[in-house]
Amino acid sequence: MTTPLRRTRGIRLALTGALLAGLTLLTTAGPALADDPSASASPAGDEAGPTEAGTTFRTATALKQGRSGTAQASAGDYLYWVFPADAGQRPTVEATVKLPESAARRGTSTWQVDVYDGLRRRQACMYGHQTRKAAADAATVELSCVLRPVRAWSEPWANDPLPGSYYIRLTVVDLPAADLGLPVDVEVKTSIKELGGGHDGGGALAEPLVPGVSVASAGETDDTSASGAPRTLATGEPEDGWASGWWTDRWLWTVGGGVLAALAAVFGYSLTRGRGRPAHVPPSV
C-alpha cells in the first residue's frame with residue numbers, strides 16, 4: 001500500500017522534473033530559432049537576377065531577397081536597386097565592382113554603397129565596408145553593409161529601419177577626371193537573416209513603406225479581389241508576404257511562461273500544505 005509520504009514525494013519529483021524540462025526548453029528554444037542556419041538567408045534558387053540597374057530612386061531595379069543582380073555601367077554613374085525587407089529581418093548588402101585594366105586608369109578611386117529605406121532616409125550600417133578605396137592597379141573592389149534589424153514600428157522622430165522597400169545606391173565618390181566614363185562591371189547581392197521575436201516591438205505599421213502601396217490598396221476593386229489575382233507592386237515584396245503584425249514567437253514565450261508559473265504554483269503548494277492527516281489519527285466527525 002502506498003503511503004501518503006511516498007505519494008507526496010512522487011508528486012514533488014514529477015513537478016520538479018516538469019519544471020526543469022520547461023526551463024530547459026525555453027532557454028534553448030530562443031537561440032535555436034534565432035541562429036538556425038536554414039533561416040539565416042533566403043534561398044537563391046535558379047532564377048537569374050536582373051542584368052541592369054536604375055539611375056534614380058524611381059527607376060531602381062527590383063531585386064528579390066537573397067538574389068543578385070549585375071549591370072554594366074560607366075565610372076561616375078549612380079546605380080540603384082531596390083529590395084524588400086520585413087520586420088524581424090536583418091538585411092545585408094554586398095557589392096563587387098570589376099574595374100577596367102590598370103593601363104587605362106590614371107589613379108586611385110573611392111567607391112561607396114548606401115542603403116535608403118522606403119522614406120528615402122539613409123540607413124547606417126552596423127558593420128561592413130561601406131566605403132573603400134581601390135588602388136590604381138586593383139582589379140576589383142568589394143563593398144558591404146549590414147543594416148540594423150528591421151522593426152515593426154517606430155516613433156516618428158526615430159530613424160529606425162521599418163518594413164518596406166530598401167534602395168541600394170552604388171557610385172564612385174572620388175575619381176580622377178580622366179577616368180570618368182570608363183566601363184565597369186557591377187554585381188550586387190542581398191541576403192536576409194531572420195532574427196525572431198527577440199527584436200519585435202509593440203505596434204505595427206498600417207502598410208509597409210513601399211512606394212505606391214496606398215494607391216494600389218485604394219485601387220483594388222471587387223473584380224480583382226474576386227478573381228483572386230495577387231496584388232503586385234513594382235518594388236516587389238517578400239516571397240511569403242509581409243508580416244501580419246500580430247503574430248510573433250513571443251507568444252510561445254508567453255504561453256511557456258504561463259505553464260511554468262502554474263507548475264511552480266502547484267509545486268509550492270505541495271511543499272507548504274504538509275503531509276496531511278497521519279494514518280493513525282481517526283478523522284474528525
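Residues are numbered from 1 along each chain as its sequence is written, and side-chain values use heavy atoms, with hydrogens and water left out. Because the model is predicted, local features need pLDDT of at least 70 and side-chain atom pairs count only at pLDDT 80 or more, while totals for chains, interfaces and linings use all residues.

The pLDDT (the predictor's confidence in each residue, from 0 to 100) averages 77 for the protein, and 67% of the residues score at least 70. In residues 27-45 the pLDDT is below 50; this stretch has 21 contacts (heavy atoms within 4.5 Å) in the model beyond near neighbours in sequence. Residues 221-234 also have a pLDDT below 50, with eleven contacts counted in the model beyond near neighbours in sequence. Where pLDDT is low, the predicted coordinates should not be read in detail.

Strands here are DSSP runs (E, at least two residues), numbered from the N terminus, and two of them pair if DSSP finds at least two bridges between them. Gln-112 has Thr-171 in E9 as its bridge partner.

An open sheet of five strands also runs in the order E2-E10-E4-E8-E6, with antiparallel pairing. Strand E2 (68-74) and strand E6 (125-127) each have a single partner strand, so one side of each is left without a neighbour in the sheet. From one strand to the next the twist averages 30°, taken between axes that are lines fitted to C-alpha atoms, with angles from 0 to 180 degrees between N-to-C directions. E6 pairs with strand E8 (residues 140-147) in the antiparallel sense over two bridges, and Tyr-127 has Val-146 in E8 as its bridge partner.

A cavity is a set of points, on a 1 Å grid over the protein atoms alone, where a 1.4 Å probe fits but cannot get out. The count comes to one cavity of 30 Å³ or more. The largest cavity has a volume of about 60 Å³, a volume being the space filled by probe spheres set on the points. Its lining residues (an atom within 4 Å of a point) include Ala-75, Leu-99, Arg-105, Trp-111 and Asp-179. By class, the lining has seven nonpolar, two polar and two charged residues; Gly counts as polar.

Notes: Helix = DSSP H or I, 4+ residues; strand = E, 2+ residues; numbered from the N terminus. 1 Å grid on protein atoms, 1.4 Å probe; cavity = no way out; pocket = protein on both sides within 12 Å on 5 of 7 lines; lining within 4 Å.
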